[in-house]
Every structure is written in C-alpha cells, then in structure tokens.
Amino acid sequence: MEKVKIAIIHNKTPLSLKVMSELSQKLIASGHEINQTEPELVISVGGDGTLLSAFHLFNHKLDQVRFLGVHTGHLGFYTDWRDYELDELVASLNTKQEASVRYPLLDVRITYRNGKEPKHFLSLNESTIKRNDSTMVADIYIKDEFFERFRGDGLSIATPTGSTAYNKSIGGAVLHPRINAIQLTEIASLNNRVFRTLGSPMVIGSHEWIEVRLQESDECVITIDQFRLQQDEIDSIYYKIADENIQFASYRHTHFWRRVRDAFIGES
Ligand code: NAP
Ligand code: MN
C-alpha cells in the first residue's frame, strides 16, 4: 500500500467535525499522512460549498491534487461518499485501483481600461457579472466575432458541474458533466422592439471563447463561485474552458440523471 498525503477540509457542523476526526484517525491508522499544505488528495467533508472552498484552496496545484467529497448533509453534486461509509472510503484508497474522473473548469480573464494588470481566475461552478446599480450593458463576442448587445441584470457562465447550481436557478440547462463545454446564461435580459438578445442559454465548445465587453466603466460585481469582487474600469472579460481540470479520486459512479432527479424532484 502506498502512503498518501491527505488534507481534510470541512465545514463547522457538529456532524462534519465528528466525521473529520473519525476519518483522520482511520487514515492515520492505515498508514496515510495528514498534510494540510502539500496534499496529494484533498477530502472535503460537508456540502458542495465545502468542496468549492477546498477547490479554491488548492487550485494552484490542480495537476498534483485529487479531490474527494464526503457529504454530511443532503446528497451533493460534488460529494460521492456518505458519512457512514468511512471504512469503505479508506479501503478504496488502500486497494489503489481507484477510479478517477476529470471535469472541465471555467477560465476567467479580466482586462482593465487603465492599464492595470489583467486578473485570472478558475471557477468550478460559475462566474457571474452584474452591474452594481443600473442596467448592465455589454457587447458579447464569440470567438472574436460580435454576437449581440446585452442589456439586463447580468450574465452567468457555468461549467457542466456548475450547471445544477446558480445556472439552473436562472433557467440554464443541466449539462452532463462529461460534456466539455461552458454555458452562457442571461440574467433578466431586456427584450422589446428596441433591444434584442438571443434570450436562451448558449452552450459553447472547447474551440471557442466568449468575450464580454462592457459598455461603460462603471462598477461591476464579478463572482467566481462563492467569491465576490467589486471591480471598476473593466474593459473585457474572457471566458473559456480552462486548460486545467479538476480530478476526483475514488469516484463512484452515480447515475447523473438519477442524482439530478433525487436533488430536484425527490427521491423515488
Ligand atoms: P450557498 O449559498 O451555501 O449555496 C447555495 C446552494 O447551492 C447550496 O445548497 C449548495 O449546496 C448548492 N450548490 C453549490 N454547488 C452546486 C452544484 N454544483 N450543483 C448543485 N448545487 C450546488 O453557497 P456555497 O455553498 O458557497 O456555494 C456557492 C454556489 O452557490 C455558487 O457557485 C452558486 O452556484 C450557488 N448559488 C446559487 C444561487 C441560486 O441558485 N439562486 C444563489 C447564490 C449562489 P450545499 O448546501 O451542499 O453547499
Ligand atoms: Mn453551502
């Protein structure tokens, strides 16, 4: 058996704290090392939000780190293991024939008008852009070609695994996570005889990118998963499928559409 360096990231619920301490004891007992700074495996104990936090803690070393989610609340989309399956989880690491799976991430690059350094982010769920006060006006280019002028509350660009999160609440489609794509969804677009947008979500492939070119240099709020940035003097925001991806360890195949049904319609 190979020793694995493992970080455990958890939320603060009593059950998560209990699972975290039981799990670290079991991992140490079977010869693994708890290493919160240089892990090879990151185990999140909590919900999908906990896994998002774990991802952002280690998103600078995605080529070295695999993730695994233990859920202590309702069944999540990023969490495969249940809190009462810790022994099976540890055994699956020890038998070494672990299955892993990779999912696409969203690459976000922000450029500014005042010559400020561009900023770069990776997102696991989605990135949104909204104006602070009045209507947001932005020109949308796809692969450098003008597509439409958007007026409305804002835009969301989601990964396939993020498609069941905010994207779904604003009418985006649920995408199977094996599809290598990103989805642009409008947030309350203005549509009338004067202003026109496509009005439906768009799914963009790996050879394409989206540019959102802001009309005015007013303050915007940009979200990257659970993070919010207040930004002004933005010139453009570029979105594409990232070169990096997220790798899940000891992945257990749950029929994706069954998970969607259980989460949104009810367990049958
Ligand atoms: P949060 O406000 O606690 O999360 C909102 C809910 O979204 C939670 O129930 C969370 O599950 C769930 N969620 C997160 N990622 C998901 C995914 N990929 N598929 C399905 N459900 C998902 O904040 P958070 O936990 O830090 O998560 C941040 C995310 O919340 C954002 O990326 C955004 O997608 C989502 N969000 C949604 C809305 C909305 O739908 N109106 C508004 C704001 C934010 P857990 O309880 O398991 O954590
Ligand atoms: Mn949450």
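My entries go from the domains to their interface, and then to one strand and its partners.

**Entry 1, domains.** I note at the outset that this is a predicted model. I looked up the domain assignment of the chain and found domain 1 at 5–99 + 250–264 and domain 2 at 105–244. Taken over C-alpha atoms, the centres of the two domains are 30 Å apart.

**Entry 2, the interface.** I checked who touches whom: 14 residues of domain 1 are in contact with 18 residues of domain 2. Between them the domains bury about 1300 Å², and 73% of that is on carbon and sulfur atoms. On the domain 1 side, H56, Y78 and F256 supply 38% of the area buried against domain 2, more than any other three residues.

Two elements, α2 (48–57) and α5 (256–264), each give two or more residues to the side of domain 1 that touches domain 2. Of the elements there, α2 gives the most, with six residues.

Is strand β11 (residues 182–189) largely enclosed or open? I found six of its eight residues buried, so β11 is largely enclosed by the rest of the structure.

Next I looked up its partners. Strand β10 (residues 145–158) runs antiparallel to β11, with six bridges joining them. Three bridges join β11 to strand β12 (residues 202–204), also antiparallel. I followed Q183 of β11 both ways: it is the bridge partner of A158, and in β12 its own bridge partner is V203.

Methods
Residues are numbered from 1 along each chain as its sequence is written. Chains are lettered from A and ligands numbered from 1 in the order in which they are written. This is a predicted model: local features need pLDDT of at least 70, side-chain atom pairs count only at pLDDT 80 or more; totals for chains, interfaces and linings use all residues. Side-chain values use heavy atoms; hydrogens and water are left out. Buried means under 20% relative accessible area, exposed over 50%, partly exposed in between (1.4 Å probe, protein chains only). Helices (H or I, at least four residues) and strands (E, at least two) are DSSP runs, numbered from the N terminus. Two strands pair if DSSP finds at least two bridges between them. Domain bounds come from an automatic or database domain assignment. Contact means heavy atoms within 4.5 Å. Buried area is the accessible area (1.4 Å probe) that two parts lose on being put together, summed over both.
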